[in-house]
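Subject: Structure handover

Hello,

Here is the structure we talked about. Please open it alongside these notes.

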Amino acid sequence: EEGEGPGDIKSLLVPRRRVLAALPGVAVFISTLLRGLFNGQWIAGPLVALLSAVLVVAFNIGVWVALGYIIDHLADLFDGHRAIEQSMKLASGAIIPVWIGFLLNIIPHNVGFILGSVGSLAGAGYGCYLLYVGLPLLNGTPQDRSASYTVATMAILFVLFSFFMGLSMCTGSCIMGTAAGNIH
């Protein structure tokens, strides 16, 4: 079939990146489950944990795909070559360190949130570095344009990430608040 090959989204997502995108969901599931059980929410705790994990995994995959398309669409502005397959590979290199850093959220309560935030920020820094190094190699961006390309990409990603994080938090709070309030 046309559009399917070693660099298309389907082949990139299955199975390695799907597993990596799920790791933060597993961390959130365990942390939320433990927090719910510590608070005596024996039925709602697991339900809330599962819903949280599903939202995190969906969000991670959405951010990864959005980052790939951002990289691809900005290529012309920075004298790079547009190729969605290469852009998705660059997006993978930039986002996977964030997912790995997010694993520190497995620790329940505020300590895990703080460590997870620090881990994610460290992962984002390393992801920026990988994007900066990878742009000339994978999409032919001139070296002198790679830094500005990386900054522009991450700035757009930050805006999108903030918007969708707020949206998912609002949606998740509504769903989970209803679930926690109705099941005791």
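The side chains of R82 and D72 meet in a salt bridge, with N to O at 3.3 Å. By salt bridge I mean a side-chain nitrogen of Lys or Arg within 4 Å of a carboxyl oxygen of Asp or Glu. R82 sits in the loop between α2 and α3 and D72 in helix α2, so this pair ties together parts that are 10 residues apart in sequence. Buried means under 20% relative accessible area, exposed means over 50%, and partly exposed is in between (1.4 Å probe, protein chains only).

Before the rest, the ground rules. This is a predicted model, in which local features need pLDDT of at least 70, side-chain atom pairs count only at pLDDT 80 or more, and totals for chains, interfaces and linings use all residues. Residues are numbered from 1 along each chain as its sequence is written, and side-chain values use heavy atoms, with hydrogens and water left out. Helices (H or I, at least four residues) and strands (E, at least two) are DSSP runs, numbered from the N terminus.

**The other salt bridge**

A search of the whole structure finds two salt bridges. The other partners are R145 and D79, whose closest N and O atoms are 2.9 Å apart. This pair links distant parts of the chain: R145 is in helix α5, D79 is in the loop between α2 and α3, and 66 residues separate them. R145 is partly exposed, at 26% relative accessible area. D79 is partly exposed too, at 44%. Look at the backbone of D79 as well. Its phi is near 60°, a positive value in a residue other than glycine. The loop that holds D79 runs between α2 (44–74) and α3 (84–102).

**Aromatic pairs**

The whole structure has two aromatic pairs. One of them is F78 with Y149, which is stacked at 4.9 Å centre to centre and 10° between the planes. F78 lies in the loop between α2 and α3 and Y149 in helix α5, so the pair ties together parts that are 71 residues apart in sequence. For the cut-offs: rings of Phe, Tyr and Trp (its six-membered ring) pair if their centres lie within 6.5 Å; planes under 30 degrees apart count as stacked, over 60 as edge-to-face and the rest as tilted. F78 is buried at 11% relative accessibility. Y149 is buried at 0%.

**The core**

Y149 comes up again here. The largest nonpolar core has 22 residues, and L67, I71, I95, L131 and Y149 touch the most other members. Elements giving two or more residues to this core are α2, α3, α4 (109–139) and α5 (143–182). A nonpolar core is a set of buried Ala, Val, Leu, Ile, Met, Phe, Trp, Tyr and Cys residues joined through side-chain atoms within 4.5 Å. In soluble globular proteins, nonpolar side chains tend to be buried together.

L67 touches A91, A94, I95, T153 and L157, leaving out residues up to four places away in sequence. Contact means heavy atoms within 4.5 Å. T153 lies in helix α5. T153 is buried, with a relative accessible area of 0%. Beyond its neighbours within four places in sequence, T153 is in contact with L67, I70, I71, L74 and L131.

**A glycine in α3**

G101 lies in helix α3. This residue is buried, at 11% relative accessible area. G101 touches G116, G119 and S120, not counting residues up to four places away in sequence. The C-alpha atoms of G101 and V118 are separated by 7.6 Å, and the two residues are 17 residues apart along the chain.

**The surface patch**

What makes up the nonpolar patch on the surface? V26, I30, L34, L104, I106, I107, V111 and L115 form it, with about 570 Å² of accessible area together. Patches are made of residues with over 30% relative accessible area and no salt bridge; like charges are joined within 9 Å, and nonpolar side chains (Val, Leu, Ile, Met, Phe, Trp, Tyr) within 5 Å. Accessible areas come from the Shrake-Rupley method with a 1.4 Å probe, and for residues only the protein chains shown count as cover. α1 (9–38) and α4 each supply at least two residues of the patch. α1 gives the most, with three residues. L104 lies in the loop between α3 and α4. L104 is partly exposed, at 38% relative accessibility.

Best wishes
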